[in-house]
Amino acid sequence: MNPDPGAARPDLNQEKSLLSRIWQHRALYIAISPFYLLFAVFGLFPIGFSLYLAFHKWDGIGVMTYNGLNNFKYLLSDVEFWQAVGNTFMIWIYSTIPMLFFALIIAFLLHAPFVKFKTLFRVGYFLPNVTSIVAVAIIFGALFANNYGFLNYLLQSVGLPVVEWLNAPWGIKVAISSMVVWRWTGYNAVIYLAGLQSIPNTLYEAAKIDGASAIQSFFRITIPMLRPVILFTVITSTIGGMQLFTEPQILVGNDGGAGAAGMTIVLYLYRESFINNYFGYGAAVGWGMFLIIALFSIVNWKLVQGKSS
Amino acid sequence: MIRRKRTCWVAVILVCVLLVSGCSIWSEPSDSANNKKVALTLWYWNRSIDDKLIAKAKEKFPNIELTAQKIGGDFKAKLKTTLAARSGEPDIVALNDWIMELFPSEDRFYNLYDLGAGEIEDQYLEWKWKQGVTPSGQMIGFPMDTGPTALFYRADLFKEAGLPSEPEEVARQLDSWDAYAAAGEKIKDAFGGKVFLTDNIGSVYNQVLSQGTERYFRPDGSFIGMDSPLVRKSWDTAVAFKQKGLLANADGWTPTWNAAMNNGEIASFVGAVWMKQVLQEAAPDTTGQWRVTRAPGGDGNNGGSFLSILKSSKHPQEAFELIRWLQSPENQLEQYQTLNLFPSAPGVFDQPAMKEEEPFFGGQATGPVFAASAQQVPDAFFGERYPSVHNIITRRLNDIAKQNSDPQQVWTDTVQRVERELQR
């Protein structure tokens, strides 16, 4: 490559070579540069700016003033923030456990040899995932409404007392969770199905010859072989669950509904920044949430991984 | 070979430039190129200014090239982002009753007094005018419509419960919040608890508060305190309404509220003039049964909007002339007829158009009721932190109404929460 290889000392040559190699392939680097430029503008810069913002006081329009660690101090003693963290965890538990459970069952059934029209079912289960969340939230709002809701109509028609879903702290969480379950079960089922299809059939045949029952082969072969896929769905639904925003916002509004029972961390961030104009504090909430998600993901990972060893 | 390489390079650079510039080269406004026309942009939201009036303004001011943009979605957030970005700002912008949130940024707006607003000050309601003036005396918002409040009630349900049903008599008998609550007990008894006096706890609190001469702050910015007589009175009245079982717990802007109104589960509410439209759309089955009269406890205001000129505008004088014409008493009267926007210029209150009979209200002319209310609204200072304090209180009141929380406990919590809020 170098037109005169003997001219330069070897180590200098190596130092030069990185830059010169980049220069040599400049057309390629430029060709892939749009992603990095866009990422820098819309990804990296906001991340850096939010960290900067977290140490400042800013109403969004006026002058930014340095605020030191005050935003973080306020965050640690903020009852509403910790309530939002608690709410988010509750909603995550209410939604993720049934969601992954149903997804596994659906995937198992879809994988079973006796099911016909598999593609149709796969598309059908995936469909909720591509429906607009706003539309979903409005429909669920009509289902769970206190006075004229469809669920209460059903309860009344079989002689049961009416439940004030959107006034009770647990009711709001159930309503939000059910929306998450409805939307993401099919998505996870399709992922599980892909995992199931990658398990070699020979394992099941061998088990059958050894006299294993269907249940035994499910727990001894299917589940262990699916562990990486389960890990993946747990991590993605953890991140998704921690970032829950649109569902509660449309269903119960910016204040999280009665008793702020539907206030999630991101909804709180949104309210503090864009409704109450505490942009610096909103950024601090964002970083608090980042730490929580990171910690929680590690714990989850250890738990799901740990079972194998 | 070299040529091909060069074309390739040119293409790559072009793509990069387009990406980075966001294709702005095409949308550059050709401001000066026009034949001496002054270009002005106006931001408003749907139904805040009549589109026909804007079309007329374009004829009326041939020297102005007006671009009126209807901004949908979260108007306030879009305006604030634009102000923060300091680019793409309109010349003229409509502001809602959250105008006080922008008072700390008064330097981003023209002082309308400098542009000649003082000349026409006496044509507008004094309390409304003052809402657009910052504590330092700069006028940043020009009065558009207002929201005087009154009592909306179901004449048929009132009659059935043995209450007066004619507007004058209702106003005379239900002149205080206590008398209103007593009427609510009568309604509850008459309908076996199936009909509630009013919609929700927040609206009771809001309306009592809006009848007072102060809010949470003094004009110098200091906090009056949660123990101010008005805040206590508003809180206690709202809690009493809950404890007496007079609330339907139907929040505004929800399908539940609409259904409750349409099904006749709510006999009355104190609301601003713009609730006429909301109510007519929510409860078509109750046409002819509603009446409007002066509210118990006094008159108040809820909502209403303003027009401002941003400091970035290059033609503030022309912008002001346009605003002045758009919101002239005659044009406000016209917008009352087309969009139900209630005028802030009392000079037109006597016009026949304000006294038209309305079939939805059983042939009653509701205009004079709101006109009388508008002239009696007490002048009150809000302060830029009004929204955050007010929001904390109404949120906590909802806990009392919907979750049966202990009012004393909630009050103590709320006081602490507000104090904490004011510290940051």
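1. Secondary structure. In this predicted model, chain A contains 13 helices and two strands.

2. Overall dimensions. The radius of gyration of chain A is 26 Å, whereas a compact globule of 309 residues would have a value near 19 Å. The C-alpha trace of chain A extends over about 95 × 70 × 35 Å along its principal axes.

3. Burial and surface. Of the 309 residues in chain A, 41% are buried. The chain exposes about 17,500 Å², and 73% of this area is supplied by carbon and sulfur atoms.

4. Contacts along the sequence. Among the contacts in chain A with a separation of 6 or more, 64% are between residues 24 or more positions apart.

5. Charges. Chain A carries 17 positive and 12 negative charges.

6. One residue of chain B. A181(B) belongs to helix α7 of chain B, which covers residues 177-190. Is A181(B) buried or exposed? Its relative accessible area is 3%; because buried means under 20% relative accessible area, A181(B) counts as buried.

7. Surroundings of A181(B). Which residues does A181(B) contact, once its neighbours within four places in sequence are left aside? They are L197(B), F241(B), K244(B) and L246(B). For L197(B), the separation from A181(B) is 16 residues in sequence, and the C-alpha to C-alpha distance is 7.9 Å.

Technical notes:
Residues are numbered from 1 along each chain as its sequence is written. Chains are lettered from A and ligands numbered from 1 in the order in which they are written. This is a predicted model: local features need pLDDT of at least 70, side-chain atom pairs count only at pLDDT 80 or more; totals for chains, interfaces and linings use all residues. Side-chain values use heavy atoms; hydrogens and water are left out. Helices (H or I, at least four residues) and strands (E, at least two) are DSSP runs, numbered from the N terminus. The radius of gyration is taken over C-alpha atoms; the globule rule is 2.2 Å times the number of residues to the power 0.38. Buried means under 20% relative accessible area, exposed over 50%, partly exposed in between (1.4 Å probe, protein chains only). Contact means heavy atoms within 4.5 Å. Accessible areas come from the Shrake-Rupley method with a 1.4 Å probe; for residues, only the protein chains shown count as cover. Lys and Arg count as positive and Asp and Glu as negative; His and the chain ends are not counted. The place of a charge is taken as NZ of Lys, CZ of Arg, CG of Asp or CD of Glu.
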